[in-house]
Amino acid sequence: MSLLMKEIFENWRGFTESLGGVLGDVELNLKVLTTPEAQAKGFMNAPEPTDSFGLLFKYPEPSGLGFWMKNVSFDLDLLAFDDDRRLFQVIRLKANDPTIRKISKPCRYVLELKSGWCKRNNIKLGMTLELK
């Protein structure tokens with residue numbers, strides 16, 4: 001990644017709330033997206049994240065949600081959680097795919113992580129996302 005891209009990414013990361021999380025035994029550095037504008041942008045035009053960095057989409061109440069990959073140049077794992085932050089679905093999102101991928105049931109928490117993260121870390125449905 002070029003120095004300019006690193007600067008842009010670090011500046012972009014500063015516009016959201018930051019917190020730590022744990023899923024399975026793996027620690028995560030999360031940026032929380034709570035506004036419709038930030039949620040619509042997600043990883044658009046951003047460099048590929050490091051393995052421990054993710055975006056946490058937090059909604060005020062469970063909603064029917066769909067995600068797309070417009071202007072995202074890398075694949076992602078999308079993890080959907082219930083109100084108790086238990087993982088109930090994982091979807092592989094493909095780079096630059098404009099197709100809206102719907103989550104199977106309403107949810108309040110969605111996490112986007114680098115592609116293959118769940119497999120590399122042996123993440124299973126039913127695990128709970130702990131937030132710090």
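Trainee: Among contacts between residues at least 6 apart in sequence, what share joins residues at least 24 apart?

Mentor: In this predicted model, 68% of those contacts join residues at least 24 apart. A contact here means heavy atoms within 4.5 Å.

Trainee: How many helices and strands does the protein have, and in what order do they run?

Mentor: There are three helices and nine strands.

Trainee: What makes a residue count as buried, and what share of the protein does?

Mentor: The cut-off is under 20% relative accessible area. Of the 132 residues, 43% count as buried.

Trainee: What is serine 115 in contact with, beyond its neighbours within four places in sequence?

Mentor: Serine 115 is then in contact with Asp75, Leu76, Asp77, Arg92 and Arg120. With arginine 92, there is also a polar contact between the two side chains, at 2.5 Å.

Trainee: Why is that 2.5 Å pair called a polar contact?

Mentor: The limit for a pair of N or O atoms is 3.5 Å, with one atom able to donate a hydrogen and the other to accept it. At 2.5 Å, the pair between serine 115 and arginine 92 is within that limit, so it qualifies.

Trainee: Is lysine 31 buried or exposed, and which residue does its side chain join in a polar contact?

Mentor: Lysine 31 has a relative accessible area of 10%. That is under 20%, so lysine 31 is buried. You will find it in strand β2, and a polar contact of 3.2 Å joins its side chain to that of serine 18.

Trainee: What makes you say that β2 is largely enclosed by the rest of the structure?

Mentor: Count its buried residues: six of the eight residues of β2 are buried, so the strand is largely enclosed.

Trainee: How do you know that β1 and β2 pair?

Mentor: Two strands pair if there are at least two bridges between them. Strand β1 (residues 17-23) and strand β2 (residues 26-33) have seven, so they pair, and they do it in the antiparallel sense. Glycine 20 stands opposite asparagine 29 of β2. The two strands form a hairpin with two residues between them, and glycine 24 in the turn has a positive phi of about 70 degrees.

Trainee: How many bridges join β2 to β3, and which way do the two run?

Mentor: Five bridges join them, and they run parallel. Asparagine 29 is worth a look again, as it stands opposite phenylalanine 53 in β3.

Trainee: In what order do the strands lie in the sheet, and which ones stand at the edges?

Mentor: Seven strands form an open sheet in the order β6-β5-β8-β3-β2-β1-β9, with mixed pairing. At the edges stand β6 and β9 (129-131); each has a single partner strand, so one side of each is left without a neighbour in the sheet. From one strand to the next, the twist averages 30 degrees.

Trainee: Where is aspartate 84, and why is it called partly exposed?

Mentor: Aspartate 84 is in the loop between β5 and β6.

Trainee: Last one: what is the volume of the largest pocket, and which residues are closest to its centre?

Mentor: The volume is about 230 Å³. Of the 18 lining residues, Gln39, Ala40, Phe57, Phe67 and Trp68 are closest to the centre. The helix α2 gives the largest share of the lining, four residues.

Conventions: Residues are numbered from 1 along each chain as its sequence is written. This is a predicted model: local features need pLDDT of at least 70, side-chain atom pairs count only at pLDDT 80 or more; totals for chains, interfaces and linings use all residues. Side-chain values use heavy atoms; hydrogens and water are left out. Axes are lines fitted to C-alpha atoms, for helices over the stretch in contact, and angles run from 0 to 180 degrees between N-to-C directions. Buried means under 20% relative accessible area, exposed over 50%, partly exposed in between (1.4 Å probe, protein chains only). On a 1 Å grid over the protein atoms alone, a cavity is a set of points where a 1.4 Å probe fits but cannot get out, and a pocket is an open set with protein on both sides within 12 Å along at least five of seven lines; lining residues have an atom within 4 Å of a point. Grid points are joined across faces, edges and corners, and a volume is the space filled by probe spheres set on the points.
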